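Please open the model in your viewer and keep the selection tool at hand.

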Amino acid sequence: MSVFEKLMTTLSAKGQVILPSAIRKRRGWGAGTRLEIEETPEGVLLKLAPVFAAAQPNDVFSSLPSRGASKTLEEMDTGVLAEARRRHARDQEA
């Protein structure tokens, strides 16, 4: 079946829709999968629901212990780049 093949389903009296098994298998959506529903001008869009609720940085900053002075953005960027280089070098050795 083509990815873009049009499929049909019917809305039940309870408002339930059955997704064709080919789509569920291709997406890895089993029973209990949580889906996010978005209404668009073209229709309704189903997307895999995020595992965690969206959070703002201020929601989580205070939850982590900190030692020493705060780092600048430049210091954080340098640290992230150094770790990425270290991991890349390690992966190249393997």
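A salt bridge, as the word is used here, is a side-chain nitrogen of Lys or Arg within 4 Å of a carboxyl oxygen of Asp or Glu. This is a predicted model, in which local features need pLDDT of at least 70 and side-chain atom pairs count only at pLDDT 80 or more, while totals for chains, interfaces and linings use all residues. Residues are numbered from 1 along each chain as its sequence is written, and side-chain values use heavy atoms, with hydrogens and water left out.

Begin by selecting Lys47 and Glu38, which form a salt bridge whose closest N and O atoms are 3.1 Å apart. Strands (E, at least two residues) and helices (H or I, at least four) are DSSP runs, numbered from the N terminus. With the three residues shown together, you are looking at a network of salt bridges that links Glu36, Glu38 and Lys47.

How exposed is Lys47? Lys47 is partly exposed, with a relative accessible area of 33%, and Glu38 is partly exposed with a value of 33%, while Glu36 is partly exposed at 34%. Here buried means under 20% relative accessible area, exposed over 50%, and partly exposed in between, with a 1.4 Å probe and protein chains only.

Next, move to helix α3 (residues 73-93) and select Arg87 and Glu83, which are four residues apart and therefore separated by about one helical turn. Their side chains meet in a salt bridge, with 2.8 Å from N to O. Arg87 is partly exposed, with a relative accessible area of 45%, and Glu83 is partly exposed, with 29%. Across the whole structure, a search finds five salt bridges.

Finally, select Ile37, Val44 and Leu46, which make a nonpolar surface patch of about 300 Å². Patches are made of residues with over 30% relative accessible area and no salt bridge, where like charges are joined within 9 Å and nonpolar side chains (Val, Leu, Ile, Met, Phe, Trp, Tyr) within 5 Å. Accessible areas come from the Shrake-Rupley method with a 1.4 Å probe, and for residues only the protein chains shown count as cover.
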